[in-house]
Amino acid sequence: MESKRIIRYLLISLAVFCIVFLPGFFRLRGLRQQNEQLQKRIRLLKEHNDQLKEELVKMRQDPAYIEKKARDKLGIVRKGEIIYRKKQ
């Protein structure tokens with residue numbers, strides 16, 4: 001009779017433990033995953049920001065770089081140049 005009581009007490013204790021702690025555990029696990037994703041995004045944004053800073057320095061210091069960008073993005077050509085385009 002005593003062993004049944006101990007088993008019942010243990011089962012009730014286990015159920016209470018699961019009810020109290022499992023939701024918090026799953027929430028914590030979800031928050032950790034979200035934190036990892038946000039840390040990865042921050043790292044990627046910092047890298048992109050560094051690239052943009054480098055490009056800004058080049059644009060401020062190198063007129064040839066500005067000319068190259070204008071030619072690439074705006075299709076600007078010099079007088080007398082011929083443009084060759086690939087068929088798509």
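Is E55 buried, partly exposed or exposed, going by its relative accessibility? E55 sits at 23% relative accessibility, so E55 counts as partly exposed. (Buried means under 20% relative accessible area, exposed over 50%, and partly exposed in between, with a 1.4 Å probe and protein chains only.) Here are my notes on the rest.

1. Ground rules. This is a predicted model, where local features need pLDDT of at least 70 and side-chain atom pairs count only at pLDDT 80 or more, while totals for chains, interfaces and linings use all residues. Residues are numbered from 1 along each chain as its sequence is written, and side-chain values use heavy atoms, with hydrogens and water left out.

2. Helix α1. Start with residues 2–61, which make up this 60-residue helix. (Helices here are DSSP runs of H or I with at least four residues, numbered from the N terminus.) From first C-alpha to last, α1 reaches 86 Å, close to the 88 Å expected at 1.5 Å a residue. That expected span is 1.5 Å times one less than the number of residues.

3. A kink on the way. Look at F21 in α1: there is a kink of about 35° there, shortly before the proline P23. The bend at a residue is the angle between two fitted axes, one for the seven residues ending there and one for the seven starting there.

4. A greasy-looking patch. I7, L11, I12, L14, V16, F17, I19, V20 and F21 make a nonpolar surface patch of about 930 Å². To join such a patch, residues need over 30% relative accessible area and no salt bridge; nonpolar side chains (Val, Leu, Ile, Met, Phe, Trp, Tyr) are joined within 5 Å, and like charges within 9 Å. The areas come from the Shrake-Rupley method with a 1.4 Å probe, and for residues only the protein chains shown count as cover. Take I19 as one of the members: it lies in helix α1, and its relative accessible area of 64% makes it exposed.

5. The loop and helix α2. D62 is in the loop between α1 and α2, and counts as partly exposed at 35% relative accessibility. D62 also caps the N-terminal end of α2, with a side-chain oxygen 3.2 Å from the backbone nitrogen of A64. (A polar contact is a pair of N or O atoms within 3.5 Å; within protein, one must be able to donate a hydrogen and the other to accept it, and residues adjacent in sequence count only if both atoms are side-chain atoms.) Helix α2 itself covers residues 63–74, and its end C-alpha atoms are 16 Å apart, in agreement with the 16 Å that 12 residues should span. After α2 comes G75, with a positive phi near 70°.

6. Salt bridges. How many does a search of the whole structure find? It finds three. (Each needs a side-chain nitrogen of Lys or Arg within 4 Å of a carboxyl oxygen of Asp or Glu.) Back to E55, which pairs with K69, the closest N and O atoms being 3.8 Å apart. This pair links distant parts of the chain, with E55 in helix α1 and K69 in helix α2, 14 residues apart. K69 is partly exposed, at 22%.

7. R71 and E67 meet at 3.1 Å, N to O; because they are four residues apart in helix α2, about one helical turn separates them. K68 bridges to D72, with the closest N and O atoms also 3.1 Å apart. K68 is partly exposed at 49%, whereas D72 is exposed at 51%.

How values were computed. Helices (H or I, at least four residues) and strands (E, at least two) are DSSP runs, numbered from the N terminus.
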